[in-house]
Amino acid sequence: MNEKLSVEELEGRWENALLSTDKAVVAHLPVYREIKKLAADIITKPLDIEDYPATAERLVALLKTIGCHAQGSIFHFYCDRVSPSSICNLKFLRLECRDLLSHLEAFDEWRSKKSRLRVVK
């Protein structure tokens, strides 16, 4: 797969991923918040090696809940990447969670820019 895409094609794919992610978040906002919290906890808090498989499976279950029908969404992409069958080491799960959170941060920024609501202080 040595497919070369233009910048416009890559930007189009990213826009489609953001739109698909947005639909999933609108449908499952509490799950989205839980994913962000769990991923942040995995990165910042100690996790016993015995708890690693259950924690990873919990994250996968949340990703499947929000993204199973959201083909092309950020959640769909990370579902297999954080699975215990794909990651053999806890430090790699932390790296994937850090990457997931950076994508979700970019999504949140995109979402706030497209919103017409503004915070007035």
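Which residues have the most contacts inside the largest nonpolar core? The structure is a predicted model, in which local features need pLDDT of at least 70, side-chain atom pairs count only at pLDDT 80 or more, and totals for chains, interfaces and linings use all residues. Residues are numbered from 1 along each chain as its sequence is written, and side-chain values use heavy atoms, with hydrogens and water left out.

The chain contains five helices and zero strands. Its pattern along the sequence is α-α-α-α-α. Helices (H or I, at least four residues) and strands (E, at least two) are DSSP runs, numbered from the N terminus. The C-alpha trace spans about 50 × 45 × 25 Å along its principal axes.

Of the 121 residues, 34% are buried. Buried means under 20% relative accessible area, exposed over 50%, and partly exposed in between (1.4 Å probe, protein chains only). Contacts are heavy atoms within 4.5 Å. Among contacts with a separation of 6 or more, 72% join residues 24 or more positions apart.

The largest nonpolar core holds 32 residues. Ile-35, Leu-59, Leu-63, Ile-66, Phe-75 and Leu-93 have the most contacts inside this core. At least two core residues come from each of helix H1 (7-27), helix H2 (29-44), helix H3 (52-67), helix H4 (74-81) and helix H5 (90-114). Such a core is a set of buried Ala, Val, Leu, Ile, Met, Phe, Trp, Tyr and Cys residues joined through side-chain atoms within 4.5 Å.

Phe-75 has contacts beyond its neighbours within four places in sequence. Its partners include Thr-21, Tyr-32, Ile-35, Leu-63, Ile-66 and Leu-104. Phe-75 also belongs to a cluster of ring pairs with Tyr-32, Phe-107 and Trp-110.

Four aromatic pairs are counted. In one of them, Tyr-32 and Phe-107 are edge-to-face, 5.9 Å centre to centre with 85 degrees between the planes. Tyr-32 lies in helix H2 and Phe-107 in helix H5, so the pair ties together parts 75 residues apart in sequence. Both Tyr-32 and Phe-107 are buried. Rings of Phe, Tyr and Trp (its six-membered ring) pair if their centres lie within 6.5 Å; planes under 30 degrees apart count as stacked, over 60 as edge-to-face and the rest as tilted.

Helix H5 also contains Glu-96. Glu-96 is buried, with a relative accessible area of 17%. Leaving aside neighbours within four places in sequence, Glu-96 is in contact with Tyr-78, Arg-81, Val-82 and Ile-87.
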